[in-house]
Amino acid sequence: LGNGVLLRLYKSLTKLSYSYKCKYIFNSKYVYDKYCTISKRCDVPFKLVHPAINETFILSPNERNHKINICLVARRHPWKGLRTFIEAYKYLDDAIKEKLGVISLVSHDDLGAFDTQGMRIVVPKNDTEIAHIYRSSDIFISTSWWEGFGLPPIEAMGCGCAVITSDSGGVNEYAIPNVNCLMYTPRNVAELIHCLKTLI
């Protein structure tokens with residue numbers, strides 16, 4: 001929608017819809033809390049439906065090599081936080097970089113505005129191809145500033161990846177720092193570097 005009139009209209013209509021007296025479902029407690037704050041409503045019951053995960057294509061043997069492979073779902077939108085990873089990668093020690101194999105950026109976006117030198121951009125045709133990239137990777141990194149739920153990190157966990165994720169809200173439905181993931185503050189390059197060094 002860009003940043004113009006259409007975006008303002010979309011946001012206005014969205015906020016207007018928050019006043020409708022109908023049944024709502026939410027994909028995380030985080031989104032419900034945000035809805036209550038923005039809409040200034042406390043009369044809407046919390047009904048949770050987590051997004052479904054298709055286990056038929058993610059739960060299969062891992063496909064690894066001896067180097068550490070990293071993957072991300074990379075988006076052009078600033079809130080998806082790709083720039084945070086690009087900066088963190090740039091400042092990694094050479095000794096750490098030598099341990100890395102393939103860095104895959106899974107995307108349908110034009111990433112020409114980013115310095116992706118040394119990284120492989122993959123445009124998947126379907127979920128099976130995404131799952132193959134997850135299974136071929138050791139570490140999955142989620143860099144979003146905000147997520148209502150955040151499916152990619154939990155899909156990557158299902159494929160056997162160790163996960164580094166930003167504390168982006170909805171991921172807290174399943175991401176437990178230092179238990180099943182490492183977590184950092186969104187946009188904090190130094191914290192992401194620390195997580196990467198620790199995990200590598």
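This is a short tour of a predicted model, stop by stop. Residues are numbered from 1 along each chain as its sequence is written, and side-chain values use heavy atoms, with hydrogens and water left out. Because the model is predicted, local features need pLDDT of at least 70 and side-chain atom pairs count only at pLDDT 80 or more, while totals for chains, interfaces and linings use all residues.

**Stop 1: the strands**

Helices (H or I, at least four residues) and strands (E, at least two) are DSSP runs, numbered from the N terminus. Two strands pair if DSSP finds at least two bridges between them.

Select β1 (68–73) and β2 (100–106). They run parallel, joined by five bridges. Find C71, which stands opposite S104 in β2. Stay on S104: it also stands opposite R120 in β3. Strand β3 covers residues 120–122. Its pairing with β2 is parallel, over three bridges.

I70 has I139 as its bridge partner in β4. Next, select strand β5, residues 162–166. Four bridges join β5 to β4, and the two run parallel. S142 stands opposite T165 in β5.

**Stop 2: a closer look at β4**

Is β4 covered on one face or on both? Both faces are covered. Buried means under 20% relative accessible area, exposed over 50%, and partly exposed in between (1.4 Å probe, protein chains only). On one side, I139 and I141 are buried; on the other, F140 and S142 are buried. In a regular strand the side chains alternate between the two faces of the sheet.

β2 is mostly covered, with five of its seven residues buried.

**Stop 3: the largest core**

A nonpolar core is a set of buried Ala, Val, Leu, Ile, Met, Phe, Trp, Tyr and Cys residues joined through side-chain atoms within 4.5 Å. The largest one has 27 residues. Select F85, I141, I164 and L196, which have the most contacts inside it.

Centre on I141. Contact means heavy atoms within 4.5 Å. Not counting residues up to four places away in sequence, I141 touches I70, C71, L72, F85, I164, L192 and L196.

A second, separate core has 18 residues, including V106, A156, Y174 and C181.

**Stop 4: helix α4**

Select the buried residues of α4: L82, T84, F85, I86, A88 and Y89. What covers them includes β1, α5, β2, β4, β6 and α8.

Move to helix α5, residues 94–97, and pick K97. At 26% relative accessibility, K97 counts as partly exposed. Leaving aside neighbours within four places in sequence, K97 is in contact with Y89, K90 and L92. Then select K197, 100 residues from K97 along the chain. Their C-alpha atoms are separated by 9.9 Å.

**Stop 5: a pocket**

On a 1 Å grid over the protein atoms alone, a pocket is an open set of points where a 1.4 Å probe fits, with protein on both sides within 12 Å along at least five of seven lines. Lining residues have an atom within 4 Å of a point. Grid points are joined across faces, edges and corners, and a volume is the space filled by probe spheres set on the points.

The second largest pocket holds about 370 Å³ of space. It is lined by 23 residues, and the closest to its centre are V73, R75, V106, Y134 and P152. Helix α6 (127–135), β4 and α7 each supply at least two lining residues. The largest share, four residues, comes from α7.

**Stop 6: two loop residues**

Most residues other than glycine have a negative phi. Select K40, in the loop between α2 (29–39) and α3 (55–58). Its phi is near 60°, a positive value. K40 counts as exposed, at 73% relative accessibility.

End at R187, in the loop between β6 and α8. Phi of R187 is near 75°, also positive. At 52% relative accessibility, R187 counts as exposed.
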